[in-house]
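Please keep the sequence and the 3D view at hand while reading.

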Amino acid sequence: MNTPVLSLRNVTKRFGGLVAVNAMTFDVAEHQVMGLIGPNGSGKSTTMNLISGALKVSGGEVLLRGSPITTLPAEQINRRGIARTFQLVRLLPSMSVLENVVAGAVFGHRRRWGHEARTHAESLLARVGLEGKGHLRVGQLTYIDTKRVELARVLASDPKLLLLDEWLAGLNPTELQIGISLIKSLRDDGRTIILVEHVMDAIRSLCDTCVVMASGTKIAEGTPQQVLSDPDVIRAYLGDDDV
Amino acid sequence: MTGTDIRNLCLSALALGICALLPLSGSGYWLSIGVTIVMFTALATSWALFSGPTHYISLATAAFFGVGTYVTGLGFETLPFWSLVGIAAVLGAVLAALVGLATLRLSGVYFVIFTLGLAELVRQVITWVQNRSGQKGLYVLTDISEADIYWMLLALAGAVFLAGWLIGRSRLGFALRIIGDDETVAVHSGINTALSKVLLFMVPGSVAAMTGAILAPRYVYIEPSLAFAPMLSFQVVIMALLGGAGRLWGPLVGVIPFTLLWESISSSFPQQTTLLLGVAFLVIVYLLPRGFVGLLDQIRQRAAPKDPEAQA
């Protein structure tokens, strides 16, 4: 079997006495879309922050294609090939849409500069459905378009692994369908992705596997159908009475 | 390089050439004003190279400037003048790197206070060392004329503009803009933010030290309270903000009117200059938060036809 793109081995994060992530262990294989799901406060975003280097791991190991990245600073992790979006969209307000995407292409995993970076950014804007909007200021964009820009920015460095932190959150039903098919098209390109998501439709139609977290611990792992019918998972989401 | 770039470079070189003719006018008064203007142009433009994109307000200019004047004060009898300017450049850059490593993890007001404190610390240390030597200051007696100083500072200012133009087109310049917009995005886009900030902070440090080294002969006698006057740091910030720190030529737009205004205020109201400086600072921050340049952009945006897509 091939080395997984990403492996977590007993990854733990403590904030003082609180254990936010407790001995998480999972693998993400190449070309796989993995959903990281669970109720609010279960430690999904903390796990994403540990993988991307935004937070330091308290214990355990994170491996990218078998080599440890546990102690690397966030920019090094990005350069090794892990790119992320943020739960609340973060764009660069003083720059144009195109420059926002170029920002992702210059310093990351696969580096481009000058004309090459611009053409690459333009092709990515077209890829996410923003063709011809490169000259706009980010303040002029609709909500879903800001999400598209952020997606184009993280794609710009040709990452080995994409971390999408609630990328579909806050979209209206029409936008949601657009968003889901956009991410589906990334999966069809063979991207390896970890999604943190609450939208069950998206999880069912996008994810190859799911890891379910509750109170910082992994409580289930498998295909979306398997985990969503797991009594432990239903209990974690809905409480004991509904099992 | 595009045609516009070449045209701009030629125009800048021409403007520099015209400015270089000022000492030939024979007017001591205008030459003296000219020295002040090119001095503040070099200081404010280099200050804005770092503080413009990152929004880190540095009040350490006086520290670097003072170090430069002392390099000349201590070395002019034994070393050729040009080498003193070189030594000042290196010392300024090294000091800036040390300050940067210690402080650039601080943000906002903490960084401002630290840089102001640093300038005071350096001043107190030099004062202490100076007093132990038994003298209050140093005589800098050279045959360097005011016109020489003017030309050297003009060359330095030209070099600052060239450096700023090159940095603006470089990855480092782009990295700094990203950091200024959102440091978290910068980090997760693969930018080593600490290194980028320290590297660029060395530029104003080095330029301020060189400016000090070149200007020392003008003062004839230097002592810590003059060489490290904190007022200088504030003047540089005010001028850069007045012009607009977001563009390379922004500070220049602030330096010229401010220097002329300052000359007339300090000669008419010598007792109230600091007070008036404070008022000017408040007025600029409240009324012109992005300086003259920002005001121009605003007017241009209003005048421009609305983008149909933007309204969609």
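How many helices and strands does the secondary structure of chain A come to? There are nine helices and 10 strands in chain A. The model is a predicted one.

## Overall dimensions of chain A

Chain A has 243 residues, for which a compact globule would have a radius of gyration near 18 Å. The radius for chain A is 18 Å, so it agrees with that expectation. Along the principal axes, the C-alpha atoms of chain A fill a box of roughly 55 × 40 × 40 Å.

## Burial and contacts in chain A

Of the 243 residues in chain A, 45% count as buried. Taking contacts between residues at least 6 apart in sequence, 63% join residues at least 24 apart.

## A:Ser215

A:Ser215 is not a glycine, yet its phi is positive, at about 50 degrees. Its place in chain A is the loop that runs between β9 (209-214) and β10 (217-222).

## B:His55

In chain B, a positive phi is found at B:His55, a residue other than glycine, with a value near 65 degrees. B:His55 lies in the loop between α2 (28-54) and α3 (61-75) of chain B.

With 14 other C-beta atoms within 10 Å, B:His55 is partly exposed.

Terms used
Residues are numbered from 1 along each chain as its sequence is written. Chains are lettered from A and ligands numbered from 1 in the order in which they are written. This is a predicted model: local features need pLDDT of at least 70, side-chain atom pairs count only at pLDDT 80 or more; totals for chains, interfaces and linings use all residues. Helices (H or I, at least four residues) and strands (E, at least two) are DSSP runs, numbered from the N terminus. The radius of gyration is taken over C-alpha atoms; the globule rule is 2.2 Å times the number of residues to the power 0.38. A residue is buried if 20 or more other C-beta atoms lie within 10 Å of its own, exposed if 12 or fewer, and partly exposed in between; C-beta atoms are placed from the backbone. Two residues are in contact if their C-beta atoms, placed from the backbone, lie within 7 Å.
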